[in-house]
Amino acid sequence: MPNKAATLHDVAREAGVSAITASRALSNPGVVSDATIERVRNAVAKTGYIPNLLAGGLKSKRSMTVAGLVPVISVPQFLPTIRSLTETLDAQGYQLILGQSGYDHSREEKLLNTMISRRPDGIVITGLVHSRAARQQLQRLGIPIVEMWDLSDRPVDMMVGFSHLKVGSAIAGYFLAKGWQRLGIATGDDHRAMMRHDGFCAAVGHPVATAIVPAPSSLEMGRKAMADLLAQDPKLQAVYCSSDGFAQGVVIEAQSRGLRVPQDVAVCGFGDADFAAHLRPSLTTVQVDGAEIGRRAAQLIVDRCAGRAIEHPVVDLGFRIVERESTGA
């Protein structure tokens, strides 16, 4: 006969606390002491207890899960956000269920419907929800929704991010301040990248050489994009790229053609990936605090679920240009 599964009462007895206290330590750790949480967790490990989250959810009408939607999990710029989302939610007893939408709005809506059917306590979405039907559906749920990695004056509910238009404008201003006039853009075709493209072009005030590739962009596509840009304007002075990996491909293609970076052509990326500072030349890029985006988004969900008032439902974390060797720093 198999051993009988451990129960919450077994955990409570092992930890030397009441069953109610053990339950709170597992489902709502913010209301018990750290020492009690530690004893209960040790007891869980010793007894092999596995909480019945479904039963708990039926009683409290809470699933203790948060659904998260990202375009591509493997894109470096999203990894700090996913990590901090997971850690912040876990510390408050919530689990993150992650879905990958690609850059397909129709797939995004299908994933949202699947996630909603699981009855999460909150939903975190990378980017803006564009579909009117999806916006209305989310608003009818009555649960906290956070759109992140973007900014708008019309959030579905709450938002943590920055302005992509302002990023594009800032990079253009940086290039122009250097005296460069023959400019190029290598960009993915997703909404956020194209917003940066639009901000860049608006700030420059005239058409620039442009290479657009399907998102997510890659080093290989960066090489192809640079070849395209040089075919459009062989005398390019500076290129802005919609991601650091894309920019790496642009640099390699330029160097393969005997062009020096930054002496012959300067290159700027976006995202400040871990490798950006270690390339040769090191890569000038736009730094966004992805980890803080994840922390703030998770905390907004947790606070709303706890019934706490949200003083600032829209949080603009801004960005900064990190100047390195690829633009002559």
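In this predicted model, strand 8 (residues 238-241) and strand 9 run parallel and are joined by three bridges; strands are DSSP runs of E with at least two residues, helices are runs of H or I with at least four, and both are numbered from the N terminus. Within this pairing, Tyr 240 stands opposite Cys 268 of strand 9.

Helix 10 (residues 219-232) packs on the sheet and touches strand 6, strand 7 and strand 8, a contact being heavy atoms within 4.5 Å. Helix 9 (residues 191-204) lies across strand 6 (183-188), strand 7 and strand 8. The table gives the angles, taken from 0 to 180 degrees between N-to-C directions of lines fitted to C-alpha atoms, for helices over the stretch in contact.

| Helix | Reference strand | Angle |
|---|---|---|
| Helix 9 | strand 6 | about 165° |
| Helix 10 | strand 7 | about 150° |

The open sheet contains four strands in the order 7-6-8-9, with parallel pairing; two strands pair if DSSP finds at least two bridges between them. Strand 7 (209-213) and strand 9 (266-268) are the edge strands, each pairing on one side only. Neighbouring strands of this sheet are turned by 15° against each other on average, direction ignored.

The protein chain as a whole has 12 helices and 12 strands. Its C-alpha trace spans about 75 × 40 × 40 Å along the principal axes.

Residues are numbered from 1 along each chain as its sequence is written. Local features need pLDDT of at least 70, side-chain atom pairs count only at pLDDT 80 or more, and totals for chains, interfaces and linings use all residues, while side-chain values use heavy atoms, leaving out hydrogens and water.
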